[in-house]
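Below are some notes on this structure for someone who has not looked at it before. Please read them alongside the model.

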Amino acid sequence: MYLPPFLLFKHLRVLTIEVPVRRPFTDFLDFTGICHLFQLGYLKIMANNYRVVLPSKIGGLQQLETFHLETNISFSEGVHYQELPSDMSHISRLMHLIVPGWRGLCDGLENMKSLRTLRSLNLCWGSANNVKVLRELTSLTDLEIGWYHGMGISVSCDEAAARGRVVLNTCLEKFCNLKYLYLRRCPANISLGVSNSVRASFCHLQRFRGDVSWFLRVPEWIGELHNLYDLDLTVKEVLDEDVGVLAQLPSLTRLSLHILASPREKITIRGSAFPVLEHFTFICRRVWYLTFEAMAMTKLKRLELVFVEKGWDRYDIVPAGIEHLPSLREISLRIGNCGDRESCRQAAESALRNAVDKHPGRTTASIRCDSYSEYIFDDEGHVVYGGYGSYR
(Lines give C-alpha, C1' and ligand atoms only; values in the text may rest on other atoms or scores of the structure.)
Protein backbone atom coordinates (compact mmCIF):
# COMPACT_ATOMS: atom_id res chain seq x y z
CA MET A 1 0.00 0.00 0.00
CA TYR A 2 3.01 2.26 -0.32
CA LEU A 3 2.82 5.10 -2.83
CA PRO A 4 5.86 7.27 -3.57
CA PRO A 5 5.97 10.74 -1.98
CA PHE A 6 5.06 12.71 -5.11
CA LEU A 7 6.45 15.98 -3.74
CA LEU A 8 9.97 14.52 -3.99
CA PHE A 9 9.60 13.92 -7.73
CA LYS A 10 8.65 17.36 -8.98
CA HIS A 11 10.60 16.88 -12.25
CA LEU A 12 8.86 13.60 -13.10
CA ARG A 13 7.58 13.42 -16.66
CA VAL A 14 6.22 9.84 -16.88
CA LEU A 15 4.36 7.99 -14.13
CA THR A 16 2.78 4.55 -14.44
CA ILE A 17 1.45 2.80 -11.34
CA GLU A 18 -0.13 -0.65 -11.54
CA VAL A 19 -1.56 -2.14 -8.34
CA PRO A 20 -2.40 -5.86 -8.19
CA VAL A 21 -5.99 -6.85 -7.39
CA ARG A 22 -6.50 -7.55 -3.69
CA ARG A 23 -9.54 -7.60 -1.45
CA PRO A 24 -12.44 -5.88 -3.23
CA PHE A 25 -13.05 -2.23 -2.40
CA THR A 26 -11.25 -2.21 0.92
CA ASP A 27 -8.24 0.05 0.48
CA PHE A 28 -7.61 3.67 -0.52
CA LEU A 29 -4.92 4.91 -2.85
CA ASP A 30 -4.22 8.60 -2.37
CA PHE A 31 -3.18 10.32 -5.60
CA THR A 32 -3.94 13.88 -4.54
CA GLY A 33 -0.20 14.63 -4.62
CA ILE A 34 0.01 14.30 -8.41
CA CYS A 35 -1.23 17.89 -8.73
CA HIS A 36 2.32 19.00 -7.77
CA LEU A 37 4.01 17.16 -10.68
CA PHE A 38 4.01 20.17 -12.97
CA GLN A 39 6.21 18.57 -15.65
CA LEU A 40 4.18 15.37 -15.85
CA GLY A 41 3.40 14.45 -19.45
CA TYR A 42 2.11 10.87 -19.06
CA LEU A 43 0.01 9.45 -16.21
CA LYS A 44 -1.36 5.92 -16.07
CA ILE A 45 -3.04 4.46 -12.97
CA MET A 46 -4.27 0.85 -13.02
CA ALA A 47 -5.87 -0.02 -9.69
CA ASN A 48 -9.01 -2.09 -10.05
CA ASN A 49 -10.82 -2.90 -6.79
CA TYR A 50 -9.27 0.08 -5.01
CA ARG A 51 -10.69 3.42 -4.01
CA VAL A 52 -8.60 5.93 -5.92
CA VAL A 53 -8.47 9.42 -4.40
CA LEU A 54 -7.82 12.06 -7.06
CA PRO A 55 -7.21 15.76 -6.51
CA SER A 56 -10.25 17.94 -7.15
CA LYS A 57 -8.20 20.06 -9.58
CA ILE A 58 -5.27 19.21 -11.85
CA GLY A 59 -5.40 22.12 -14.29
CA GLY A 60 -1.87 23.07 -13.30
CA LEU A 61 -0.46 20.02 -15.12
CA GLN A 62 -0.14 21.91 -18.39
CA GLN A 63 2.42 19.45 -19.82
CA LEU A 64 0.07 16.47 -19.44
CA GLU A 65 -0.65 14.73 -22.74
CA THR A 66 -1.99 11.36 -21.52
CA PHE A 67 -4.34 10.69 -18.59
CA HIS A 68 -5.17 6.98 -18.29
CA LEU A 69 -7.19 5.68 -15.33
CA GLU A 70 -8.47 2.15 -14.82
CA THR A 71 -10.40 1.56 -11.60
CA ASN A 72 -13.71 0.03 -10.57
CA ILE A 73 -14.59 2.56 -7.90
CA SER A 74 -13.35 6.06 -7.22
CA PHE A 75 -13.31 8.68 -4.50
CA SER A 76 -12.11 12.27 -4.52
CA GLU A 77 -10.84 13.73 -1.27
CA GLY A 78 -12.71 11.09 0.70
CA VAL A 79 -16.10 11.66 -0.94
CA HIS A 80 -17.71 9.36 -3.49
CA TYR A 81 -16.97 11.14 -6.72
CA GLN A 82 -17.97 10.07 -10.22
CA GLU A 83 -16.59 12.95 -12.25
CA LEU A 84 -13.08 13.84 -13.29
CA PRO A 85 -11.24 16.80 -11.71
CA SER A 86 -13.28 19.87 -12.54
CA ASP A 87 -10.58 21.80 -14.38
CA MET A 88 -9.25 19.00 -16.57
CA SER A 89 -10.61 20.80 -19.64
CA HIS A 90 -8.05 23.56 -18.98
CA ILE A 91 -5.13 21.25 -19.86
CA SER A 92 -4.50 22.51 -23.36
CA ARG A 93 -2.01 19.81 -24.42
CA LEU A 94 -4.09 16.79 -23.34
CA MET A 95 -4.25 14.35 -26.26
CA HIS A 96 -5.31 11.02 -24.73
CA LEU A 97 -8.09 10.81 -22.10
CA ILE A 98 -8.86 7.23 -21.06
CA VAL A 99 -11.15 6.77 -18.06
CA PRO A 100 -13.70 4.15 -16.91
CA GLY A 101 -17.00 4.46 -18.73
CA TRP A 102 -18.99 4.90 -15.54
CA ARG A 103 -17.15 8.15 -14.72
CA GLY A 104 -18.59 11.45 -15.82
CA LEU A 105 -16.54 13.73 -18.03
CA CYS A 106 -15.81 17.24 -16.83
CA ASP A 107 -17.60 20.22 -18.34
CA GLY A 108 -15.78 22.20 -20.98
CA LEU A 109 -15.23 19.26 -23.31
CA GLU A 110 -15.43 21.65 -26.26
CA ASN A 111 -12.18 23.28 -25.07
CA MET A 112 -10.18 20.07 -25.41
CA LYS A 113 -9.39 20.56 -29.08
CA SER A 114 -6.11 18.63 -28.82
CA LEU A 115 -7.82 15.34 -27.92
CA ARG A 116 -6.95 12.40 -30.14
CA THR A 117 -8.25 9.65 -27.81
CA LEU A 118 -11.46 9.75 -25.77
CA ARG A 119 -12.50 6.66 -23.84
CA SER A 120 -15.26 6.58 -22.68
CA LEU A 121 -18.09 9.06 -23.08
CA ASN A 122 -21.01 7.98 -20.87
CA LEU A 123 -24.39 8.83 -22.39
CA CYS A 124 -26.02 8.44 -18.97
CA TRP A 125 -23.91 10.96 -17.09
CA GLY A 126 -23.60 14.73 -17.07
CA SER A 127 -25.35 17.28 -19.19
CA ALA A 128 -26.60 16.74 -22.73
CA ASN A 129 -24.21 19.51 -23.75
CA ASN A 130 -21.26 17.10 -23.48
CA VAL A 131 -22.80 15.05 -26.27
CA LYS A 132 -23.59 18.08 -28.44
CA VAL A 133 -20.13 19.60 -28.16
CA LEU A 134 -18.53 16.28 -29.05
CA ARG A 135 -18.86 17.30 -32.71
CA GLU A 136 -16.24 20.00 -32.12
CA LEU A 137 -13.50 17.47 -31.33
CA THR A 138 -12.67 16.91 -34.97
CA SER A 139 -9.10 15.74 -34.28
CA LEU A 140 -10.26 12.53 -32.57
CA THR A 141 -8.74 9.34 -33.96
CA ASP A 142 -9.86 7.00 -31.15
CA LEU A 143 -13.36 7.18 -29.61
CA GLU A 144 -15.43 5.03 -27.25
CA ILE A 145 -19.02 5.87 -26.34
CA GLY A 146 -20.98 3.87 -23.80
CA TRP A 147 -24.13 3.48 -21.76
CA TYR A 148 -23.41 2.96 -18.08
CA HIS A 149 -26.06 3.12 -15.38
CA GLY A 150 -25.04 3.21 -11.72
CA MET A 151 -25.13 5.14 -8.47
CA GLY A 152 -25.94 8.80 -8.92
CA ILE A 153 -27.09 8.41 -12.53
CA SER A 154 -30.16 10.59 -13.09
CA VAL A 155 -30.51 10.37 -16.87
CA SER A 156 -33.43 8.21 -18.01
CA CYS A 157 -33.10 5.49 -20.62
CA ASP A 158 -35.14 7.59 -23.06
CA GLU A 159 -32.84 10.58 -22.59
CA ALA A 160 -29.74 8.42 -22.99
CA ALA A 161 -31.21 6.92 -26.18
CA ALA A 162 -31.87 10.43 -27.50
CA ARG A 163 -28.24 11.32 -26.84
CA GLY A 164 -27.16 8.21 -28.70
CA ARG A 165 -29.15 9.30 -31.74
CA VAL A 166 -27.51 12.73 -31.58
CA VAL A 167 -24.09 11.06 -31.58
CA LEU A 168 -24.90 8.90 -34.59
CA ASN A 169 -26.91 11.36 -36.65
CA THR A 170 -24.90 14.51 -36.06
CA CYS A 171 -21.57 14.15 -34.32
CA LEU A 172 -20.05 11.20 -36.15
CA GLU A 173 -20.50 12.93 -39.48
CA LYS A 174 -17.83 15.41 -38.38
CA PHE A 175 -15.12 12.88 -37.56
CA CYS A 176 -13.05 12.48 -40.71
CA ASN A 177 -9.90 11.40 -38.80
CA LEU A 178 -11.28 8.47 -36.80
CA LYS A 179 -9.33 5.21 -36.96
CA TYR A 180 -10.95 3.41 -34.02
CA LEU A 181 -14.61 3.63 -32.96
CA TYR A 182 -16.27 1.61 -30.21
CA LEU A 183 -19.99 2.06 -29.52
CA ARG A 184 -20.32 0.18 -26.25
CA ARG A 185 -23.41 -1.74 -25.33
CA CYS A 186 -26.78 -0.30 -24.51
CA PRO A 187 -29.39 -2.35 -22.61
CA ALA A 188 -30.73 -5.04 -24.92
CA ASN A 189 -34.33 -3.87 -24.47
CA ILE A 190 -33.50 -0.33 -25.68
CA SER A 191 -33.30 0.39 -29.39
CA LEU A 192 -31.79 3.59 -30.68
CA GLY A 193 -33.74 3.08 -33.88
CA VAL A 194 -30.94 4.02 -36.26
CA SER A 195 -29.44 2.00 -39.05
CA ASN A 196 -28.82 3.55 -42.45
CA SER A 197 -29.56 7.18 -41.63
CA VAL A 198 -25.92 7.98 -40.86
CA ARG A 199 -23.50 8.81 -43.61
CA ALA A 200 -19.96 7.90 -42.67
CA SER A 201 -17.43 10.67 -43.17
CA PHE A 202 -14.73 8.78 -41.27
CA CYS A 203 -13.32 7.04 -44.33
CA HIS A 204 -10.03 6.31 -42.53
CA LEU A 205 -11.68 4.06 -39.92
CA GLN A 206 -9.69 0.86 -39.37
CA ARG A 207 -11.37 -0.73 -36.33
CA PHE A 208 -15.06 -0.57 -35.47
CA ARG A 209 -17.15 -2.23 -32.78
CA GLY A 210 -20.88 -1.68 -32.36
CA ASP A 211 -22.58 -3.46 -29.47
CA VAL A 212 -26.18 -4.20 -28.54
CA SER A 213 -28.98 -1.83 -29.63
CA TRP A 214 -26.95 0.60 -31.69
CA PHE A 215 -28.02 -0.98 -34.98
CA LEU A 216 -31.02 -3.01 -36.07
CA ARG A 217 -29.24 -4.22 -39.21
CA VAL A 218 -25.85 -3.80 -40.84
CA PRO A 219 -25.58 -0.09 -41.74
CA GLU A 220 -25.08 0.52 -45.44
CA TRP A 221 -22.32 3.04 -44.81
CA ILE A 222 -20.06 0.33 -43.41
CA GLY A 223 -19.55 -0.73 -47.00
CA GLU A 224 -17.80 2.60 -47.61
CA LEU A 225 -15.08 1.92 -45.04
CA HIS A 226 -12.40 0.61 -47.38
CA ASN A 227 -9.65 0.81 -44.73
CA LEU A 228 -11.59 -1.21 -42.16
CA TYR A 229 -9.70 -4.35 -41.13
CA ASP A 230 -11.35 -5.22 -37.78
CA LEU A 231 -15.15 -5.25 -37.34
CA ASP A 232 -17.14 -6.42 -34.32
CA LEU A 233 -20.85 -5.85 -34.88
CA THR A 234 -24.04 -6.78 -33.01
CA VAL A 235 -27.35 -6.41 -34.88
CA LYS A 236 -30.91 -7.62 -34.46
CA GLU A 237 -31.06 -9.38 -37.81
CA VAL A 238 -29.07 -10.00 -40.97
CA LEU A 239 -30.53 -10.39 -44.44
CA ASP A 240 -28.82 -11.42 -47.65
CA GLU A 241 -28.16 -7.83 -48.73
CA ASP A 242 -26.51 -7.12 -45.36
CA VAL A 243 -23.99 -9.87 -46.01
CA GLY A 244 -23.31 -8.25 -49.37
CA VAL A 245 -22.46 -4.95 -47.66
CA LEU A 246 -19.80 -6.66 -45.54
CA ALA A 247 -18.56 -9.11 -48.16
CA GLN A 248 -16.91 -6.52 -50.40
CA LEU A 249 -14.85 -4.76 -47.73
CA PRO A 250 -11.39 -4.99 -49.31
CA SER A 251 -9.27 -4.75 -46.14
CA LEU A 252 -11.38 -6.73 -43.64
CA THR A 253 -9.24 -9.43 -41.97
CA ARG A 254 -11.26 -9.96 -38.77
CA LEU A 255 -15.07 -10.07 -38.44
CA SER A 256 -17.22 -10.84 -35.41
CA LEU A 257 -20.93 -10.85 -36.28
CA HIS A 258 -23.49 -11.25 -33.48
CA ILE A 259 -27.13 -11.72 -34.53
CA LEU A 260 -29.70 -11.36 -31.74
CA ALA A 261 -32.83 -12.70 -33.45
CA SER A 262 -33.05 -16.11 -35.06
CA PRO A 263 -32.43 -15.81 -38.82
CA ARG A 264 -35.53 -16.00 -41.01
CA GLU A 265 -33.57 -17.26 -44.00
CA LYS A 266 -30.27 -18.88 -44.83
CA ILE A 267 -27.19 -16.67 -44.50
CA THR A 268 -25.05 -17.51 -47.52
CA ILE A 269 -21.42 -16.53 -47.94
CA ARG A 270 -21.03 -16.49 -51.70
CA GLY A 271 -18.00 -17.03 -53.90
CA SER A 272 -15.44 -14.18 -54.00
CA ALA A 273 -16.91 -12.73 -50.77
CA PHE A 274 -14.57 -11.54 -47.99
CA PRO A 275 -11.39 -11.76 -50.09
CA VAL A 276 -8.85 -11.21 -47.27
CA LEU A 277 -10.78 -12.31 -44.14
CA GLU A 278 -8.70 -14.51 -41.82
CA HIS A 279 -10.73 -14.70 -38.60
CA PHE A 280 -14.55 -15.04 -38.52
CA THR A 281 -16.63 -15.24 -35.32
CA PHE A 282 -20.33 -15.96 -35.83
CA ILE A 283 -22.63 -15.62 -32.81
CA CYS A 284 -26.24 -16.61 -33.40
CA ARG A 285 -28.97 -18.81 -31.97
CA ARG A 286 -28.94 -20.94 -35.11
CA VAL A 287 -25.42 -21.15 -36.50
CA TRP A 288 -26.49 -23.92 -38.89
CA TYR A 289 -28.29 -21.26 -40.96
CA LEU A 290 -24.85 -20.25 -42.21
CA THR A 291 -23.66 -21.66 -45.55
CA PHE A 292 -20.35 -21.26 -47.38
CA GLU A 293 -20.21 -21.47 -51.16
CA ALA A 294 -17.11 -22.47 -53.10
CA MET A 295 -14.43 -19.74 -53.39
CA ALA A 296 -15.83 -17.77 -50.42
CA MET A 297 -13.48 -16.58 -47.67
CA THR A 298 -10.47 -18.10 -49.41
CA LYS A 299 -8.05 -16.67 -46.80
CA LEU A 300 -10.03 -17.72 -43.70
CA LYS A 301 -7.84 -19.48 -41.12
CA ARG A 302 -10.00 -19.49 -37.97
CA LEU A 303 -13.77 -19.97 -37.65
CA GLU A 304 -15.51 -19.48 -34.29
CA LEU A 305 -19.16 -20.46 -33.82
CA VAL A 306 -21.07 -19.39 -30.70
CA PHE A 307 -24.72 -20.25 -30.11
CA VAL A 308 -27.46 -21.00 -27.60
CA GLU A 309 -30.28 -23.32 -28.60
CA LYS A 310 -32.69 -25.49 -26.69
CA GLY A 311 -32.70 -28.86 -28.41
CA TRP A 312 -29.81 -27.84 -30.66
CA ASP A 313 -28.52 -31.42 -30.78
CA ARG A 314 -31.39 -32.33 -33.12
CA TYR A 315 -29.66 -30.34 -35.88
CA ASP A 316 -26.46 -30.58 -37.87
CA ILE A 317 -24.96 -27.67 -35.97
CA VAL A 318 -21.90 -27.08 -38.16
CA PRO A 319 -22.61 -24.72 -41.10
CA ALA A 320 -22.72 -26.26 -44.56
CA GLY A 321 -19.77 -25.83 -46.87
CA ILE A 322 -16.92 -25.88 -44.36
CA GLU A 323 -14.99 -27.94 -46.89
CA HIS A 324 -15.09 -24.94 -49.26
CA LEU A 325 -12.76 -22.92 -47.02
CA PRO A 326 -9.33 -23.89 -48.37
CA SER A 327 -7.17 -21.99 -45.85
CA LEU A 328 -9.13 -23.04 -42.74
CA ARG A 329 -6.87 -24.29 -39.94
CA GLU A 330 -9.05 -24.08 -36.84
CA ILE A 331 -12.75 -24.43 -35.95
CA SER A 332 -13.92 -23.40 -32.49
CA LEU A 333 -17.41 -24.21 -31.19
CA ARG A 334 -18.90 -22.61 -28.09
CA ILE A 335 -22.30 -23.69 -26.79
CA GLY A 336 -24.19 -21.69 -24.17
CA ASN A 337 -26.59 -23.14 -21.59
CA CYS A 338 -25.26 -26.68 -21.81
CA GLY A 339 -22.80 -26.61 -18.92
CA ASP A 340 -20.72 -29.74 -18.64
CA ARG A 341 -23.42 -32.16 -19.83
CA GLU A 342 -21.70 -35.03 -21.57
CA SER A 343 -24.48 -35.46 -24.11
CA CYS A 344 -23.90 -31.91 -25.37
CA ARG A 345 -20.22 -32.45 -25.76
CA GLN A 346 -20.57 -35.81 -27.49
CA ALA A 347 -23.10 -34.50 -30.02
CA ALA A 348 -20.93 -31.46 -30.72
CA GLU A 349 -17.80 -33.57 -31.08
CA SER A 350 -19.56 -35.83 -33.56
CA ALA A 351 -20.73 -32.89 -35.67
CA LEU A 352 -17.30 -31.29 -35.65
CA ARG A 353 -15.58 -34.55 -36.50
CA ASN A 354 -17.78 -34.98 -39.56
CA ALA A 355 -17.01 -31.41 -40.69
CA VAL A 356 -13.27 -31.82 -40.18
CA ASP A 357 -13.27 -35.14 -42.03
CA LYS A 358 -14.79 -33.43 -45.07
CA HIS A 359 -12.16 -30.70 -45.11
CA PRO A 360 -9.19 -31.37 -47.39
CA GLY A 361 -6.65 -29.58 -45.18
CA ARG A 362 -5.27 -30.13 -41.69
CA THR A 363 -7.91 -28.51 -39.52
CA THR A 364 -8.13 -28.67 -35.73
CA ALA A 365 -11.34 -28.35 -33.72
CA SER A 366 -12.17 -27.31 -30.16
CA ILE A 367 -15.39 -27.23 -28.11
CA ARG A 368 -16.43 -25.22 -25.09
CA CYS A 369 -19.72 -25.85 -23.29
CA ASP A 370 -20.92 -23.13 -20.92
CA SER A 371 -23.60 -23.08 -18.27
CA TYR A 372 -23.99 -19.33 -18.74
CA SER A 373 -25.50 -17.48 -21.69
CA GLU A 374 -25.18 -13.77 -22.31
CA TYR A 375 -28.65 -13.67 -23.87
CA ILE A 376 -31.96 -15.37 -23.18
CA PHE A 377 -34.25 -16.00 -26.17
CA ASP A 378 -38.00 -16.50 -26.42
CA ASP A 379 -39.66 -19.20 -28.52
CA GLU A 380 -39.57 -16.95 -31.58
CA GLY A 381 -35.83 -16.55 -31.29
CA HIS A 382 -35.86 -12.92 -30.14
CA VAL A 383 -33.66 -11.75 -27.32
CA VAL A 384 -35.67 -11.00 -24.17
CA TYR A 385 -32.78 -10.35 -21.80
CA GLY A 386 -29.26 -9.17 -22.41
CA GLY A 387 -26.69 -9.79 -19.71
CA TYR A 388 -23.42 -7.96 -19.30
CA GLY A 389 -20.98 -10.79 -19.85
CA SER A 390 -19.12 -11.28 -23.07
CA TYR A 391 -18.51 -14.10 -25.48
CA ARG A 392 -15.11 -12.68 -26.34
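1. In this predicted model, Arg270 and Glu293 form a salt bridge, with N and O 3.4 Å apart. The pair connects distant parts of the chain, 23 residues apart: Arg270 is in the loop between strands E15 (267–269) and E16 (279–283), and Glu293 in the loop between strands E17 (290–292) and E18 (302–308). Arg270 is partly exposed at 39% relative accessible area, and Glu293 is partly exposed at 32%.

2. A network of salt bridges with shared partners joins Arg209, Asp211, Asp230, Asp232 and Arg254. The salt bridge count is 16.

3. Glu144 has a salt bridge to Arg119, with the closest N and O atoms 3.8 Å apart. Glu144 sits in strand E10 and Arg119 in strand E9 (residues 117–122), 25 residues apart. Glu144 is buried, at 5% relative accessibility, whereas Arg119 is partly exposed at 23%.

4. Glu144 also forms a salt bridge with Arg184, at 3.1 Å between the closest N and O atoms. Arg184 lies in the loop between E11 and strand E12 (207–215) and Glu144 in E10, so this pair ties together parts 40 residues apart in sequence.

5. Strands E10 (residues 142–146) and E11 run parallel and are joined by four bridges; Asp142 has Tyr180 as its bridge partner in E11. Both faces of E11 (residues 180–183) are covered, with Tyr180 and Tyr182 buried on one side and Leu181 and Leu183 buried on the other.

6. Which buried residue has no salt bridge? Asp87 is buried without one, and the nearest side chain of opposite charge, Lys57, is 5.9 Å away. Asp87 is in the loop between strands E7 (79–80) and E8 (96–98).

Methods
Residues are numbered from 1 along each chain as its sequence is written. This is a predicted model: local features need pLDDT of at least 70, side-chain atom pairs count only at pLDDT 80 or more; totals for chains, interfaces and linings use all residues. Side-chain values use heavy atoms; hydrogens and water are left out. Buried means under 20% relative accessible area, exposed over 50%, partly exposed in between (1.4 Å probe, protein chains only). Helices (H or I, at least four residues) and strands (E, at least two) are DSSP runs, numbered from the N terminus. Two strands pair if DSSP finds at least two bridges between them. Lys and Arg count as positive and Asp and Glu as negative; His and the chain ends are not counted. A salt bridge is a side-chain nitrogen of Lys or Arg within 4 Å of a carboxyl oxygen of Asp or Glu.
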